[in-house]
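Take a moment to look over the chains before reading on.

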Amino acid sequence: MELPDDLLYTRTHEWVRLDGTTATVGITDHAQCELGDVVYVELPDQGATLERDAVFGTVESVKAVSDLYAPVSGTVAEVNGALADQTELVNQSPYGEGWMVRLTVAPDCDTTHLMSAQEYERYVQESGH
Amino acid sequence: MTIPDDLRRTPLHEEHIRLGARMVPFAGWQMPVQYAGVMEEARAVRQAVGLFDISHMGRFRVAGSDAEALLQQTTTNDVSALSPAKAQYSLIPNEQGGILDDIIVYRKAPSDFIVVVNASNRDRDLEFFRAHAPSGTSVEDVSDATGMVAVQGPAAQDALQPLTDIELASLPRFGFAEGSVAGRQATICRTGYTGEDGFEVIGAAAHIVELWQALVDAHVVPCGLGARDSLRTEAGYPLYGHEIDETTTPVEAGLMWAVKLDKGSFVGRDAILAAKQAGPSRKLMGLIMEGRALPRQGYSIEAQGEPIGVVTSGAFSATRSIALGMGYVRSDHARNGATVDVVIRGTTHACRLLPKKDLLTATITS
């Protein structure tokens with residue numbers, strides 16, 4: 001399971017990369033592996049306001065449908081348009097080309113509820129899923 | 001997900017584990033849902049050749065002087081028209097004209113048949129046949145003594161031929177033969193559940209492992225239940241519990257080609273005849289989605305906001321990258337080419353209706 005050290009993770013298997021007031025969000029390698037082949041990704045419109053922990057989209061694989069939860073509050077600055085017809089990017093590159101949304105967040109964005117790579121790895125192992 | 005321990009294992013269980021399959025519970029069995037990935041496996045079957053463990057399916061031997069009469073009475077297709085070395089798709093009806101199971105009947109000899117049934121219905125089917133069996137005709141469950149694999153895809157014949165002395169090129173669709181397969185006696189039938197050319201092989205439980213290994217060594221791609229379901233949906237084939245069950249008639253399911261009303265009396269004949277004369281209130285149709293969201297079993301089908309049907313199965317085509325499915329649609333809306341909506345998570349998604357046999361070749365626009 002690939003887990004980049006520079007990202008923060010949620011209990012619902014999203015990752016977030018914070019760069020100043022930009023937060024890039026996607027789903028983890030573990031999540032895409034559990035889902036299997038992703039065939040459909042539904043994302044919010046640019047400009048939408050997201051509250052932390054609110055559902056902001058859906059990712060659907062041949063096996064299951066899963067909601068996407070916002071790791072932090074913010075405004076949608078950009079969505080990954082490539083996922084409209086290249087959903088396999090989520091499987092092939094969950095931390096790279098398979099990213100889902102970019103949010104503009106407050107400069108003092110709270111991340112204390114998020115996990116480090118090590119904490120997330122332990123969480124996945126302990127929860128057995 | 002934790003797999004319950006009381007599930008049955010097929011003779012190929014160790015092979016699945018060795019190949020890194022993800023195992024899931026299915027109809028009381030522990031079965032591989034995928035190895036490399038559903039889409040990759042489905043593509044292998046459409047473009048080359050794939051291998052499926054279908055040992056979980058039930059296999060009965062029906063033999064004795066009245067074996068034909070028993071199957072005529074308990075199945076919908078005409079067994080008297082079935083010559084030895086040929087198989088036929090058929091249904092087990094109930095008295096109400098519903099469907100207890102869909103099956104394949106193989107005639108080995110005039111009074112010796114093999115019947116292959118769905119894993120989920122094995123016990124009930126066995127009981128049903130035995131309840132109707134006259135003395136002198138036996139119905140034996142040979143499922144555990146045997147194993148079964150499917151070799152499916154345009155390259156299926158090329159992959160299987162080097163392992164057998166049966167002349168595969170001369171086997172017609174639904175024809176079968178017994179011969180040496182991977183060094184031991186087995187039965188090969190030109191049947192399948194994928195919409196591709198291919199074969200289903202029944203052999204002794206211990207032997208099926210050697211056959212599986214030989215095919216894997218020959219680069220036939222192991223495929224799980226995920227690919228199997230995707231491929232059969234794309235081919236417009238019904239699955240028990242989705243398109244057909246005790247409450248659906250062959251008339252609305254579009255399966256009257258497997259029902260021979262003029263063959264004489266059989267279980268449910270009068271009810272099916274009445275349903276045919278009344279005309280179906282709903283019809284099973286193919287669905288081609290305009291977008292990529294998958295229709296799934298139970299989703300509502302609407303026309304201008306009015307519910308007109310329900311989705312029975314959905315799949316994503318691995319080779320065409322389109323979402324498709326099947327569903328029951330009220331007869332007055334069940335027109336080829338009609339655009340209707342599937343309600344997916346509270347939002348309507350447009351889809352086109354078409355005959356289910358056309359799902360395999362359809363595109364989004366035509």
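**A walk through the model**

In this predicted model, chain A has an open sheet of six strands, in the order β1-β2-β3-β9-β8-β5, with antiparallel pairing. Why is one side of β1 and of β5 left without a neighbour in the sheet? Both strands, β1 (8-9) and β5 (49-50) of chain A, stand at the edges, so each has a single partner strand. Strands of a sheet pair through backbone hydrogen bonds, either parallel or antiparallel.

Look at one pair in that sheet. Strand β2 (residues 14-19) and strand β3 (residues 22-27) of chain A are antiparallel and share six bridges.

Now move to chain B. Helix α3 (residues 67-74) of chain B has these buried residues: B:Ala67, B:Leu70, B:Leu71 and B:Thr74. They cover an arc of only 90 degrees around the axis, so they lie on the same side of α3(B). What do the buried residues of α3(B) pack against? Their partners in chain B are the strands β5 (58-64), β6 (86-93), β7 (99-109), β8 (112-117) and β9 (137-141), together with the helix α4 (122-132).

Next comes the core. The largest nonpolar core holds 136 residues. Within it, B:Val149, B:Val151 and B:Val201 have the most contacts. Strand β7(B) gives the largest share of this core, six residues. Pick out B:Val151. Leaving out residues up to four places away in sequence, B:Val151 touches several others, among them B:Val49, B:Leu51, B:Phe199, B:Val201 and B:Leu215. In soluble globular proteins, nonpolar side chains tend to be buried together.

Is B:Ala204 buried or partly exposed? This residue sits in strand β13 (residues 198-204) of chain B. B:Ala204 has 17 C-beta neighbours inside 10 Å, so it counts as partly exposed; a buried residue would need 20 or more. Apart from neighbours within four places in sequence, B:Ala204 is in contact with B:Ala145, B:Thr146 and B:Arg184. B:Thr187 is 17 residues from B:Ala204 along the chain, and their C-alpha atoms are 9.9 Å apart.

Last, see where the two chains meet. The contact takes eight residues from chain A and twelve residues from chain B. On the side of chain B that touches chain A, α2 (38-47) and α7 (225-234) of chain B are the elements that give two or more residues. By class, that side of chain B has six nonpolar, four polar and two charged residues.

Definitions and conventions: Residues are numbered from 1 along each chain as its sequence is written. Chains are lettered from A and ligands numbered from 1 in the order in which they are written. This is a predicted model: local features need pLDDT of at least 70, side-chain atom pairs count only at pLDDT 80 or more; totals for chains, interfaces and linings use all residues. Two strands pair if DSSP finds at least two bridges between them. Helices (H or I, at least four residues) and strands (E, at least two) are DSSP runs, numbered from the N terminus. A residue is buried if 20 or more other C-beta atoms lie within 10 Å of its own, exposed if 12 or fewer, and partly exposed in between; C-beta atoms are placed from the backbone. Two residues are in contact if their C-beta atoms, placed from the backbone, lie within 7 Å. Ala, Val, Leu, Ile, Met, Phe, Trp, Tyr, Cys and Pro count as nonpolar, Asp, Glu, Lys and Arg as charged, and the others, Gly among them, as polar. The arc is that of the directions from the helix axis to the C-beta atoms. A nonpolar core is a set of buried Ala, Val, Leu, Ile, Met, Phe, Trp, Tyr and Cys residues joined through C-beta atoms within 7 Å.
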